[in-house]
Amino acid sequence: MIIDWINFTPWTSLGGGALIGLAVSLFVLANGRIAGISGLLGDVIQLGSEGWSEKALFIFGLLIAPLLWGVFTVLPDIEIKAQWFALIIAGLLVGVGTRYGSGCTSGHGVCGISRLSPRSIVATVCFMTAGFATVYVIRHVLGA
């Protein structure tokens, strides 16, 4: 493993993680609901659901935050090396997986583990294991 020391950003990463934790904590305290993004997005799509406005504002904040951050600093260039067809298939698989797994990585990984939810701990271990296996197969078996 080689660490790119020029682009190594532990303090901004720590700050971002702390802000995520703060946002999730405030959302639970203010609304009594978990801030799992797939669940929030699913409820926002269903107009008229309970707490729709708070959930919509939370999702809006996720979308607008990078634009606001760009006022203060230069955002990194985004480089996607995959074909559009592969991205669409990957997105559909993630969507199916979040419904099948009763939540996404943010819901299970950030909110569930912090509540010591056994289901979320198992789900997060499964996410991470699948990710490790995928990277191993793509890089070391397929050689891509």
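**Entry 1: the domain interface**

I began with how much area domain 1 and domain 2 bury between them. I found about 650 Å², with 73% of it on carbon and sulfur atoms. I keep in mind that this is a predicted model. Domain 1 runs over residues 1–78, and domain 2 over 80–143. I counted nine residues from domain 1 and 10 residues from domain 2 in the contact. The C-alpha centres of the two domains lie 18 Å apart. I then looked for salt bridges between domain 1 and domain 2, and the count is zero.

**Entry 2: salt bridges**

How many salt bridges does the structure hold? I get two. I noted the general point that side chains of opposite charge can pair when their charged atoms come close.

One joins Asp-43 and Lys-55, with the closest N and O atoms 2.6 Å apart. Asp-43 sits in helix H2 (residues 37–45) and Lys-55 in helix H3 (residues 52–72), so this pair ties together parts that are 12 residues apart in sequence. Lys-55 is at 5% relative accessibility, so I logged Lys-55 as buried. The cut-off for buried is under 20%.

Glu-79 and Lys-81 form another salt bridge, at 3.8 Å from N to O. Glu-79 is exposed, with a relative accessible area of 61%. Lys-81 also counts as exposed, at 75% relative accessibility.

**Entry 3: helix H1 and the annotated spans**

Next I checked the length of helix H1, residues 10–31. Its 22 residues should span 32 Å at 1.5 Å a residue. The end C-alpha atoms are 31 Å apart, so the value agrees. Just after H1, Gly-32 takes a positive phi of about 70°.

I then turned to the record. The unreviewed UniProt entry carries the annotation "transmembrane region" for residues 14–35, 56–76, 82–100 and 121–142. I looked up two of these spans in the model. Residues 14–35 are 82% helix and 0% strand, and their end C-alpha atoms lie 20 Å apart. Residues 121–142 are 95% helix and 0% strand, with end C-alpha atoms 30 Å apart.

I went through the backbone angles last. Most residues other than glycine have a negative phi. Which residues have a positive phi although they are not glycine? I listed Ser-102 and Leu-116.

Ser-102 has a phi of about 55°. I found Ser-102 in the loop between helix H4 (84–100) and helix H5 (105–114). Its relative accessible area is 45%, so Ser-102 is partly exposed.

Leu-116 has a phi of about 60°. Where is Leu-116 found? I placed it in the loop between H5 and helix H6 (118–141). Leu-116 is at 64% relative accessibility, so I put it down as exposed. The cut-off for exposed is over 50%.

**Entry 4: what I take away**

Domain 1 and domain 2 bury about 650 Å² between them, with zero salt bridges between the two. Asp-43 pairs with Lys-55, and Glu-79 pairs with Lys-81.

Key: Residues are numbered from 1 along each chain as its sequence is written. This is a predicted model: local features need pLDDT of at least 70, side-chain atom pairs count only at pLDDT 80 or more; totals for chains, interfaces and linings use all residues. Side-chain values use heavy atoms; hydrogens and water are left out. Helices (H or I, at least four residues) and strands (E, at least two) are DSSP runs, numbered from the N terminus. Buried means under 20% relative accessible area, exposed over 50%, partly exposed in between (1.4 Å probe, protein chains only). UniProt positions are given in the numbering used here, feature names are shortened, and annotations may be inferred rather than shown by experiment. The expected span of a helix is 1.5 Å times one less than its number of residues. Domain bounds come from an automatic or database domain assignment. Contact means heavy atoms within 4.5 Å. Buried area is the accessible area (1.4 Å probe) that two parts lose on being put together, summed over both. A salt bridge is a side-chain nitrogen of Lys or Arg within 4 Å of a carboxyl oxygen of Asp or Glu.
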